[in-house]
Amino acid sequence: MIKEDECAVLTEDLPAEGLKAGDIGTVVHIHQGGAAYEVEFMTLAGETIAVTTLAATQVRPLARCDMAHARELSTA
């Protein structure tokens with residue numbers, strides 16, 4: 001289970017939120033013992049992009065072999 005204030009990796013695209021699989025967010029709240037997570041996604045400059053509730057299947061904990069990657073947000 002991912003703990004509060006830990007990073008989590010999105011496992012699927014969320015077009016309505018402007019998020020893509022692989023984006024990294026911070027867990028700000030845990031629902032029902034880990035059945036779902038409230039996750040905040042931010043730019044590297046600290047601007048919040050989205051705070052969304054995700055099912056446990058939509059996020060995973062960071063793995064030791066993960067590498068961070070930067071991408072520019074589309075301006076639509």
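1. Arg 71 and Asp 23 join their side chains in a salt bridge, N to O at 2.6 Å (a side-chain nitrogen of Lys or Arg within 4 Å of a carboxyl oxygen of Asp or Glu). Arg 71 sits in the segment after β5 (59-61) and Asp 23 in the loop between β1 and β2, so the pair links parts 48 residues apart in sequence. Strands are DSSP runs of E, at least two residues, numbered from the N terminus.

2. The model is predicted: local features need pLDDT of at least 70, side-chain atom pairs count only at pLDDT 80 or more, and totals for chains, interfaces and linings use all residues. Residues are numbered from 1 along each chain as its sequence is written, and side-chain values use heavy atoms, with hydrogens and water left out.

3. Asp 23 is buried, at 15% relative accessible area. Arg 71 is partly exposed, at 30%. The cut-offs: buried is under 20%, exposed over 50%, partly exposed in between (1.4 Å probe, protein chains only).

4. The whole structure holds two salt bridges. Asp 66 also pairs with Arg 60, with the closest N and O atoms 2.9 Å apart. Asp 66 is partly exposed, at 32%. Arg 60 is partly exposed too, at 31%.

5. Which residues lie nearest the centre of the largest pocket? They are Asp 23, Ile 24, Met 42, Leu 44 and His 69, from a lining of 26 residues. β1 (7-10), β2 (24-31) and β3 (36-42) each give two or more residues to that lining. A pocket here is an open set of points on a 1 Å grid over the protein atoms alone, where a 1.4 Å probe fits, with protein on both sides within 12 Å along at least five of seven lines; lining residues have an atom within 4 Å of a point.

Methods:
Helix = DSSP H or I, 4+ residues; strand = E, 2+ residues; numbered from the N terminus.
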